[in-house]
Amino acid sequence: MDSRVEHDRQRVGAYLRPRIQASAVAIVAIALGYFFVWPLLAIIGKGLVPEGHLHLGVLLDVVRDNRLRHVIAFTTFQASVSALLVLVVGMPLAFVLERQRPHGAALVRTLVFIPFALPTVVVGAAFAAWFGGNGPGASLHLMHTTTIIVIAHVYFNIAVVVRIVGSRWRLVDPNVHAAARVLGANRVRAFVHSTLPALAPAIVGATAIVWLFCVTSFGVIVTLGGGSKATLETEIFRLTTQELDLRRAGALLVVQLVAVAATLVVAARIQRIHALTSIHASMAAPPAGGSGLRRAVRAILLATVGVVMLLPIAIIVQRAIADGGAGFGFLRDDSVLGWRPIDSVATSLQTAAWSTGFALTFGVVASVAVVRRWPGARIVSLMSALPLGISAVSIGFGFLIALDRPIDLRQSWVLVPIAQATVALPFVLRTVIPVLQSIQPAWRDAAAVLGASPTRVVRSIDVAIASSAIATAAAFAFVISLGEFGATSFLARAATPTMPIAIVRLLGRPGTLPVEGAYALATVMIGLIAAVATLMGLATRRTRVGLR
């Protein structure tokens, strides 16, 4: 009787499993199609299909326009240099923070994470204050504008490499590297042949994210470019909002789409090549101690990174506490703006919580679908990753012109968290997929042979190994939602702005008090982000201890 019941359960499971998989992929595809692809096509349609007739001549105009060619060239150059430097700086830092974890690592990890979540306009303003006036970098004011922009991008994006590569590096067994050393390989050769292949999917994913982030850079270019530098993002914004030239804006959006799609296809191809490389899933404690020289090098690296990451943050805090902290008092005053800036904190937290829930739910389902190769998963993967390189301004503008049917959602509160989840979704995929790909089928087979049920196999193998990456993805999604400005600027209600919207509005007000209030609100954001980074570190350590 028991064997027949078990047989019937297996038959039912075999019948339902493909249908459940297809339904899950279909739900994700429909949501992405309605909330991302349709608004994007609506903008492109207004530019390339005016009055119902397709006009591709505008694409040729982009190629012939000297200014637009320069914008494309500058966008590609600064993004490539920035991504390379982020990788060069981030890899050693990820190794020290995640594999060796010396004293002070937790503080530096938090300092690295904070800038990533701040609104880019605030980061740009901090760098402008750093390199201008009486700032600590005033002596470098004559530095080329492009160099300052690249430095700001490295500062802003280094957390991507540290978190994504570090989350995978934690799982790499150090004994493999040690075995290569015993067999006669030097340190470089042992790293290249034993560790680097296991890290390759995460490195490629992180580099692609950084490159696409720099391609769509907005706030940093606006505040540091001085009007002489423009990227695709700022040019699309200018053509859309100032010149009302949707034709050329749509053409640039097509160029951006092609570049994004090409980057994602190449990155996915490289990740698939290295997907079968085992990470050996070691939860052993990383090597500690070392020679005095190594300890000194680690200490110097952490101290240098900590100081560099702290300086712009210190400028923001210093501006916030100027005049006895009058900016913090201004946050509770509603007589100037008609609303209290401090209320934007609750609005941002609530919105970010909903956004994280949306991004994590759809992102984890899409990640599992891609790794398990469910039907339609490849299309969902491409659709989920495209928002990474698409103008957030375009996403918000597309929501306004497209989401009026079949139900008009343009006045709904849910539109802001959905827009933020759309922006954050690629980070969930790029963080979770490399770790899921590293899970070997043999591990599941071994657990099943030992008597584990299918549910327990998933819980003890897949969930246990991927939980750290999922926690990292959730933190990324949350802080991205906290700091998202481009799409939210089109959708946030005037009386209930999020923190980035409130900060930008305050920075644009005349007088010193609103500006001090903006920096005070930015300081509150720094505290929130530091709390998220601390909680993420605690969750990671708890996961590591639980798996050891």
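Modeller: One term to begin with: buried means under 20% relative accessible area, exposed over 50%, and partly exposed in between (1.4 Å probe, protein chains only). This is a predicted model, so local features need pLDDT of at least 70 and side-chain atom pairs pLDDT 80 or more, while totals for chains, interfaces and linings use all residues. Residues are numbered from 1 along each chain as its sequence is written, and side-chain values use heavy atoms, without hydrogens or water.

Colleague: Which helix holds Pro417?

Modeller: Pro417 sits in helix α17. Helices (H or I, at least four residues) and strands (E, at least two) are DSSP runs, numbered from the N terminus.

Colleague: And what is Pro417 in contact with?

Modeller: Thr351, Trp354, Ser355 and Phe358, once neighbours within four places in sequence are set aside. Contact means heavy atoms within 4.5 Å.

Colleague: How far apart in sequence are Pro417 and Ala352?

Modeller: They are 65 residues apart in sequence. In space, their C-alpha atoms are 6.6 Å apart.

Colleague: Next, Thr422. Where is Thr422 found?

Modeller: Thr422 is also on helix α17, which covers residues 415-437.

Colleague: Why does Thr422 count as buried?

Modeller: Its relative accessibility is 8%, so Thr422 counts as buried. Beyond its neighbours within four places in sequence, Thr422 is in contact with Phe35, Phe36, Pro387, Ile395 and Phe399.

Colleague: Ile395 and Phe399. Which residues of α16 are buried?

Modeller: Both of those are on the list. The buried residues of α16 are Ala392, Val393, Ser394, Ile395, Gly396, Phe397, Gly398, Phe399 and Ala402. That is 9 of the 11 residues of helix α16 (residues 392-402), so the helix is largely enclosed by the rest of the structure.

Colleague: New topic. At what angle do α14 and α15 pack?

Modeller: Helix α14 (residues 343-372) and helix α15 (residues 377-385) pack at about 135°, and their axes are 9 Å apart. Axes are lines fitted to C-alpha atoms, for helices over the stretch in contact, and angles run from 0 to 180 degrees between N-to-C directions.

Colleague: Which residues make the contact?

Modeller: Ala366, Ala369 and Val370 come from α14. Ala377, Val380, Ser381 and Ser384 come from α15. By class, the contact of α14 with α15 has 5 nonpolar, 2 polar and no charged residues. Ala, Val, Leu, Ile, Met, Phe, Trp, Tyr, Cys and Pro count as nonpolar, Asp, Glu, Lys and Arg as charged, and the others, Gly among them, as polar.

Colleague: How do α14 and α21 pack?

Modeller: Helix α21 (residues 499-507) packs against α14 at an angle of about 145°, with the axes 8 Å apart. Ser344, Val345 and Ser348 of α14 meet Met499, Pro500 and Ala502 of α21. That contact has 4 nonpolar, 2 polar and no charged residues.

Colleague: One more residue. What does Thr75 touch?

Modeller: Thr75 touches Val215, Ala230, Thr231 and Leu232, not counting residues up to four places away in sequence. Thr75 is in helix α3 (residues 66-100), and Thr75 is buried, with a relative accessible area of 2%.

Colleague: Last one. How many helices and strands are in the protein chain?

Modeller: The chain has 22 helices and 0 strands. It has 548 residues, and 52% of them count as buried. Among contacts between residues at least 6 apart in sequence, 81% join residues at least 24 apart.
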